[in-house]
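This report examines one protein structure through its side-chain contacts, its strands and its surface. Please keep the sequence and the three-dimensional view at hand while reading.

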Amino acid sequence: MKRKSKKTLDLTTKRRAHHQQEIDNDSWLQLHRSSLRSLAKADYDAAIDRSRQALDQLERLKSTVLDTSAEAYAMKGQFRKAVEAAKGMIDCAPTAAVGYLRYGHTLGMQGRHEHAIQVYDQGIEKVPIDSEQYASLQDQKAASHAQLDKRVDFLTRLPLDIVQVIIEKLDIVEDKMLACLNVSTHWRQTIIDCPVAWRNIPSIHYALFRFLPAIGQHIKSLNISWLYSDETQMIIKAVIDGVFCNIHHLTVEEECDSIGRDQLLVILTRLSSSLSQLTLKVETNGCALPLESILLACPKLEELCYHVDHGDMCFSEAISTPVMTECDIKSLELKANLITSDTLDAILQRCPHLRNIHVSSCTADSLKLISDLCPRIKTIGFNGPAPLEPWIHSDDRPGLRQFKLYPVEHLEAERVVQILESSQSTLQMLMISLFDERPNVLQRWNGLANIKADNLTNLNYAYGNSTDMHKAVAAMIRNCKALQSVAFQSLTNVSDDNKLEEALATLPDLKSFVLYDINKVNVAGLTLLFMALAHIERNVSLRNVSFKKCSRISNNVLKALAGIKAVERIDIADCKDLSADVLKTFIIELSSQKTLKELLLEKMDIVTDVTLCDIARLSNLKRLTLYGLSNVSDTGVKYLAFQLRRLEWFHVFNCPQVDWLTMTFIRKEIRARREA
């Protein structure tokens, strides 16, 4: 911390001595008593005069106290409160110089010398010339001007390429960008002329509309989503006028009455020279464009995400054969109430360069179309939710990398097995979510047992209650020795033959194991699995274990899990039949764990403040999340945060008895502890 100069210390000491003298002076009290005596004698004029003088004394005393408060806040860096106190001084004594001096000095400490000069000018106008501190106002104004002359504008000193790197690192949020634009004329022009400042701006704030003619050429990503109608029309007009000449990615998510089909087609045509990515989500068929119209309007399109939320999707409205030939689409995501095989066939015929596809609401025969017409495909998502992972672009080697298969009626098992067999050497992620309740399941899906994917690292398996299907998947798991992450979900009954668990125990590099929405877990199988992984002679790699919406999680299962000395993260969520005693025993068992770094507990009424006291035993925890716990309170959370001295990240969500102010205080304490 900087030391104050001797001159500053002397001035501060004198001012405080003067303040103390004013505080000790009881003239206002004497005047008040005199006014009472005059009132008793019916000398009303004298009583009014004495009362007015007493009030004047009190106002000066209040100003003195506010001055001390303002200086203290400023020295602590709490400038907002310091400014409020200084403004209070001016309100108390608008013709006294001390309030303007304190206000201007506080602004100067923040480097806001231009604003400080305005405050000093107000004081010079209000304070009488014969005041003792009138000259101080002029001196401080001159000092602020001198500081302005010394101020360095780094944008003018640094080379342009360095300035662009700095601007690119800024968080491009509208209010911050607007603040930078309003610093000075030079800053505004520099930022407007900087392409990287506007390249990926998330949306266009209405206050930026006046800059569109200058910045439009730099914007590469344009989002027209959920704007007010007048703002939408202003953006559309700017597009038609050619303001945006370099848009690579366009996003339109609107209700059907916001942007008409004709307007949308005009927008796409106007941006066609540069548009390579399009995200289009409309409500109904009434505002949906045929796929052929989109592809004809945007010949350079490489990525298309097209959702018709409440309607079907068609390729062309023309009765005759479509005129479109091939396009450059590499990534395609389609969602509608129904996508027929004819529609999918029409677009796949025209997308020979397709690498990634994700479709929903398709019939079973559409999977055959994809495998037959897309020989260079890298990612297939079939009949599931929108993908979260980024598309694969950089890898040009042939072969499927990601395959996500969701439930679909009358699916041909032979086709799925054929796709997996053809990609055994390249497949990295596989999600199988099937509910085949037809007879002879094992006979149809037995081909899975022969799949040996040497590069498969991620498996997500969801199925009904067929133990035969579990046997086939277990055999596949045994063959895929590179698996690192395995998740089982929506299994209404895991068989008691332990096939799946025994297969997992053979994986040499299993790092993550997740059970989600399991109606009845295999207690014996899980216990044996965790005990095998905890064997002292085994080089355990398991780091993450998660139980979500699982029933029958017993003491034996958790005790075996606690014995694995390599686990770093445990997530237990919404396991309704888990008892408080079992959870308590598990936490106590974990207290001997030195590797556990993260714990998540979610949506369980058995978790109380007593449970939090038990968690305090886990001294090595660095990350803790509590979500949807109705029986934990401020008291338990504070105690836990105080006891876990190594905690770096503590989040509490949707816990009604925990106040947000408590969490704000705790996060500040954790941050200070981490920075100490």
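The sections below cover the basis of the model, then rings, strands, charges, loops and surface.

## Basis of the model

The structure is a predicted model, in which local features need pLDDT of at least 70 and side-chain atom pairs count only at pLDDT 80 or more, while totals for chains, interfaces and linings use all residues. Residues are numbered from 1 along each chain as its sequence is written, and side-chain values use heavy atoms, with hydrogens and water left out.

## Aromatic pairs

The structure holds 4 aromatic pairs. Rings of Phe, Tyr and Trp (its six-membered ring) count as a pair if their centres lie within 6.5 Å; planes under 30 degrees apart are called stacked, over 60 edge-to-face, and the rest tilted. Phe488 belongs to strand S11 (residues 485–489) and Phe513 to strand S12 (residues 512–516), so the contact ties together parts that are 25 residues apart in sequence. Helices (H or I, at least four residues) and strands (E, at least two) are DSSP runs, numbered from the N terminus. Phe488 and Phe513 are both buried; this term means under 20% relative accessible area, whereas exposed means over 50% and partly exposed lies in between (1.4 Å probe, protein chains only).

Phe530 and Phe547 also form an edge-to-face pair, with 6.4 Å from centre to centre and 80° between the planes. Since Phe530 lies in helix H23 (residues 523–533) and Phe547 in strand S13 (residues 544–548), the pair ties together parts that are 17 residues apart in sequence. Phe530 and Phe547 are buried. One aromatic cluster is formed by Tyr461, Phe488, Phe513, Phe530 and Phe547.

## Parallel strands

Strands S11 and S12 run parallel and are joined by 5 bridges; two strands pair if DSSP finds at least two bridges between them. Strands S12 and S13 also run parallel, with 5 bridges joining them.

## Salt bridges

A search of the whole structure finds 15 salt bridges. Such a bridge is a side-chain nitrogen of Lys or Arg within 4 Å of a carboxyl oxygen of Asp or Glu. One of them joins Arg102 to Asp67, with the closest N and O atoms 2.7 Å apart. This pair links distant parts of the chain, as Arg102 is in helix H5 (residues 97–109) and Asp67 in helix H3 (residues 44–75), 35 residues apart. Arg102 is buried at a relative accessible area of 7%, and Asp67 is buried at 2%.

Asp571 and Lys548 meet in another salt bridge, at 3.5 Å from N to O. Asp571 lies in strand S14 (residues 569–573) and Lys548 in strand S13, so the pair ties together parts that are 23 residues apart in sequence. Are the two partners buried or partly exposed? Asp571 counts as buried because its relative accessibility is 1%, whereas Lys548, at 28%, counts as partly exposed.

## Charges over rings

A charge sits over a ring if NZ of Lys or CZ of Arg is within 6 Å of the ring centre and within 35 degrees of the ring normal. The charged end of Arg623 lies over the ring of Trp649, 4.3 Å from its centre. Likewise, the charged end of Arg645 sits over the ring of Phe642, 5.4 Å from its centre.

## Loop residues with positive phi

Most residues other than glycine have a negative phi, and most peptide bonds are trans. Ser361 has a positive phi, near 60°, and is placed in the loop between strand S6 (356–359) and helix H18 (365–373). Ser361 counts as partly exposed because its relative accessibility is 30%.

Asn383 likewise has a positive phi, near 65°. Asn383 lies in the loop between strand S7 (379–382) and strand S8 (402–405), and at 17% relative accessibility Asn383 counts as buried.
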